[in-house]
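The sequence and the model are shown first.

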Amino acid sequence: MKSYLIMAVATLLALTTSTVALHAQLRQESREGLRLPVYRVAQAPAPPARPAANQAAEHPLQPMIAKAEELLKKMDRDVQDYTAMLVKRERIGNVLHDYQYMQAKIRHEQRNERGEVTAPFSVYLNFLAPEDIKGREVIYNKGHNGGRLTAHDGGTGLLAAIKSAVTVNLDPTSERAMRGNKYPITDIGVQNLMRKLIEVATEDMKYDEVEVKVFEKTKINDRICTCMQSVHPKRDHFRFHIARIYIDDELQLPIRYESYGWPTREGEDPPLLEEYTYLNLKINNGFTDRDFDKSNASYNFN
């Protein structure tokens, strides 16, 4: 028990140190020019959809979409599963919530030559911080348990201990399952993130006024990445002002996404809408259904 406690404390200290360094590094990147002064552009009159005269020219988003499609094909072909420390922060309504930290196991859906599913899309999450959700565990195994996720709560104190002892099965899109989450668990993971980015960028290609830049040699937790950034003026048909995706140069996988809304007045920083960072990504661990089973002795489901 003593060695276990020492290991737990060491892990938490490492997590805290890594997180502080990550946030400091991202703030430094902002100072070095990734965040562009585009507020004045947002005030320009709104144009119609992309003029016919521009249709023949390559849209600025086309290279980004082509790269995203290339990476998605690589994931579909080469990545069966992965583990990661997922750090997320989301604005839900007008509230920017605290950072959440969770150890994640994610398995991609796999099919045989006949197109039959041999392994379903599956997720296991173990929440590490903040304190009010520490110890929460969630499992989702597509096609199992009537399409529901299985979870127990976490936290500290007597009430939290009582709640953590109760395992519940929830529809992933139910009010209780979505509490404190912007998206359901069925949307989690780098593969789903890439699909959503392709969908949104393809929709944005109907319009001009999109500026795309590529920043090489950016760093996320000491991983060398290529950052692709798109910037939109304020229009009803655009979902965000600035979006960035960071592609790990070695793994050729997306390990961070962040997006920002439009500032309300000149001189303000764009407000963060959402950010997701996948730290310590390790692919192809050979996960089986046992890794997404609540009866697994490594987990704390009752």
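Lys-105 belongs to strand S3, which covers residues 100-107. Helices (H or I, at least four residues) and strands (E, at least two) are DSSP runs, numbered from the N terminus. The model is a predicted one: local features need pLDDT of at least 70, side-chain atom pairs count only at pLDDT 80 or more, and totals for chains, interfaces and linings use all residues. Residues are numbered from 1 along each chain as its sequence is written, and side-chain values use heavy atoms, with hydrogens and water left out.

Leaving aside residues up to four places away in sequence, Lys-105 touches Tyr-82, Thr-83, Ser-122, Val-123, Tyr-124, Phe-287, Asp-291, Phe-292 and Tyr-299; contact here means heavy atoms within 4.5 Å. With Tyr-299 there is a polar contact between the two side chains, at 3.1 Å. A polar contact is a pair of N or O atoms within 3.5 Å; within protein, one must be able to donate a hydrogen and the other to accept it, and residues adjacent in sequence count only if both atoms are side-chain atoms. Leu-86 is 19 residues from Lys-105 along the chain, and their C-alpha atoms are separated by 9.8 Å.

## Salt bridges across the sequence

Side chains of opposite charge can pair when their charged atoms come close. In total, the structure holds 22 salt bridges, each being a side-chain nitrogen of Lys or Arg within 4 Å of a carboxyl oxygen of Asp or Glu.

One of them joins Arg-136 to Asp-153, with the closest N and O atoms 3.2 Å apart. Arg-136 lies in the loop between strand S6 (122-129) and strand S7 (137-141), and Asp-153 in the loop between strand S8 (149-152) and helix H3 (158-164), so this pair ties together parts that are 17 residues apart in sequence. Another salt bridge connects Glu-250 and Arg-223 at 3.0 Å, N to O. Here Glu-250 sits in the loop between strand S12 (242-248) and strand S13 (253-260), while Arg-223 is in strand S11 (residues 223-231), and the pair links distant parts of the chain, 27 residues apart.

## Exposed and buried partners

Relative accessible area under 20% counts as buried, over 50% as exposed, and in between as partly exposed (1.4 Å probe, protein chains only). Glu-250 is exposed at 63%, whereas Arg-223 is partly exposed at 31%. Asp-153, at 21%, is also partly exposed.

Arg-256 and Glu-258 form a salt bridge at 2.7 Å, N to O. Arg-256 is buried, with 2% relative accessibility, and Glu-258 is buried with a value of 2%. Through salt bridges that share partners, Arg-244, Arg-256, Glu-258 and Glu-275 are joined into one network.
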